[in-house]
Amino acid sequence: MATGHIFIILIPIFFVILIGYFAGLFKAFNPASSKGLNTLVTKFALPAHLFIGITTTPRETLIQKWPFLVALLLGVIGFYIVLLIVYRLIAKKGLTESTIFALNSTQPSFAFMGIPVLGSLFGSAAVAIPIAITGIVVNAILDPLASILGTVGQRKTTESDGTKGNLFKVTMKSVLHGLSEPLACVPLFGVVLTLCGFHAPKLLQSMFDQIGNITAGTALFAIGVTIGIKKITFSPKALSIAVLKAIVMPIVMLGIAVLIGLSHEDVTKAVLLVAFPGSAVAAMIATRYETLETEAASAFVISSVLSLISLPLLISLLL
């Protein structure tokens, strides 16, 4: 694909992010209202969009996507685990800090940039299933795993409540919480229905499209607002997280997708899905555990800026 055409696709996307950035910078939105925008996208608009995308897809097409799921599992969960182990061994930090570092270096903003970027390249219908698979991997596996390890790490260093931590309870609570997230359970429910032969009727499509169609613009605006509100520090840890997320992870995903034998189109989708900037959700998890909070927020902003260069470059190389 010609460089000029790539920029024609991406310029409107980054323009909406820029509007959101100024809205956050000039205090039109505060952290609370920014969180409301994120909630609208992640809990309502995007799940509705993905549900209809999945339930209007033929069952045979969905079944054929299992290699894509394997690639995402290796490229996301595998990358997270490797970073977690390496950070613990090299930096010699605790389990909680290691898991927060690895999570923020791994989790992409697929929920906010997947539809506008991939939809512009392949069409909205063609990217619903890859984005849904990513949502299941991230929200039903990655985030619960990080929450479990983060909690275990905290309970090893402090017992402020005066009780012993129950690993089984922590694990079950984290997994159930992950599965309760709309970005995990709604696509999963859609997959089950489709495999059972369900096909969404026109009326249901129209109903869900009323909320689902706002996903792209609202998601991009929400990213901009978050960037505008956050304060950045160019610390070694923040820079490391941003570089791992925006540059190293897509290269690793490219190798995995090629080795598994995905089609050229699916290789491109898999690489771009993990090449998006770091996730505001991962930065929120850092805040929850009071670990690497500034670094995670800074890395989110830095990786977003890096994506201005990395995304056009990757698209030009892959298409």
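Which element gives the most residues to the lining of the largest pocket? The answer is in the second of the legends below, which describe close-up views of a predicted model.

**View 1**
The largest nonpolar core has 89 residues. Those that touch the most other members are Leu-10, Ile-17, Val-76, Met-113, Ile-131, Met-253 and Leu-311. Helix α7, residues 124-157, gives the most to this core, with 13 residues. In soluble globular proteins, nonpolar side chains tend to be buried together.

**View 1. The largest pocket and its lining.**
The largest pocket holds about 510 Å³ of space. It is lined by 25 residues, and the closest to its centre are Thr-42, Lys-43, Glu-181, Val-281 and Met-284. Two or more lining residues come from each of α2 (31-55), α6 (110-122), α7, α8 (167-180) and α14 (280-288). Helix α2 gives the most, with five residues. By class, the lining of this pocket divides into 11 polar, nine nonpolar and five charged residues.

Rolling a probe the size of a water molecule over the atoms shows where empty space is left. The model has one cavity of 30 Å³ or more. The volume of the largest cavity is about 40 Å³. Its lining is made up of Asn-104, Ile-241, Lys-245, Gly-278, Ser-279, Ala-282, Ala-296, Ala-299, Phe-300 and Ser-303. Both α12 (236-260) and α15 (293-318) supply at least two residues of this lining. The largest share, four residues, comes from α15. Five of the lining residues are nonpolar, four are polar and one is charged.

**View 2. Helix α11 and its surroundings.**
Helix α11 runs over residues 215-229 and has 15 residues. From its first C-alpha to its last, α11 reaches 21 Å, close to the 21 Å expected at 1.5 Å a residue. Because 12 of its 15 residues are buried, α11 is largely enclosed by the rest of the structure. The buried residues are Thr-215, Thr-218, Ala-219, Leu-220, Phe-221, Ala-222, Ile-223, Gly-224, Val-225, Thr-226, Ile-227 and Gly-228.

**View 3. Contacts of Ile-17.**
Ile-17 is one of the residues of the largest nonpolar core that touch the most other members. Leaving out residues up to four places away in sequence, Ile-17 touches Met-113, Leu-220, Ile-223, Gly-224 and Ile-227. Among these, Leu-220, Ile-223, Gly-224 and Ile-227 are listed with the buried residues of α11.

**View 4. Ile-9 in helix α1.**
Ile-9 is found in helix α1, residues 3-25. Its relative accessible area is 11%, so Ile-9 is buried, the cut-off being under 20%. The C-alpha atoms of Ile-9 and Ile-19 are 17 Å from each other, and the two residues are 10 residues apart along the chain.

**View 5. Asn-139 in helix α7.**
Helix α7 also holds Asn-139. This residue is buried, with a relative accessible area of 9%. Not counting residues up to four places away in sequence, Asn-139 touches Phe-110, Pro-144, Gly-178, Leu-179, Leu-183 and Ala-184.

**View 6. Thr-268 in helix α13.**
Thr-268 lies in helix α13, which covers residues 264-275. With 0% relative accessibility, Thr-268 counts as buried. Apart from its neighbours within four places in sequence, Thr-268 is in contact with Phe-122, Leu-318 and Leu-319.

Most residues other than glycine have a negative phi. Lys-92 has a positive phi, near 55°, and is placed in the loop between α4 (66-91) and α5 (95-106). Its relative accessible area of 69% makes Lys-92 exposed, since exposed means over 50%. Glu-290 is not a glycine either, and its phi is positive, about 55°. The loop that holds Glu-290 is the one between α14 and α15. Glu-290 counts as exposed, at 64% relative accessibility.

Terms used. Residues are numbered from 1 along each chain as its sequence is written. This is a predicted model: local features need pLDDT of at least 70, side-chain atom pairs count only at pLDDT 80 or more; totals for chains, interfaces and linings use all residues. Side-chain values use heavy atoms; hydrogens and water are left out. A nonpolar core is a set of buried Ala, Val, Leu, Ile, Met, Phe, Trp, Tyr and Cys residues joined through side-chain atoms within 4.5 Å. Buried means under 20% relative accessible area, exposed over 50%, partly exposed in between (1.4 Å probe, protein chains only). Contact means heavy atoms within 4.5 Å. The expected span of a helix is 1.5 Å times one less than its number of residues. On a 1 Å grid over the protein atoms alone, a cavity is a set of points where a 1.4 Å probe fits but cannot get out, and a pocket is an open set with protein on both sides within 12 Å along at least five of seven lines; lining residues have an atom within 4 Å of a point. Grid points are joined across faces, edges and corners, and a volume is the space filled by probe spheres set on the points. Ala, Val, Leu, Ile, Met, Phe, Trp, Tyr, Cys and Pro count as nonpolar, Asp, Glu, Lys and Arg as charged, and the others, Gly among them, as polar.
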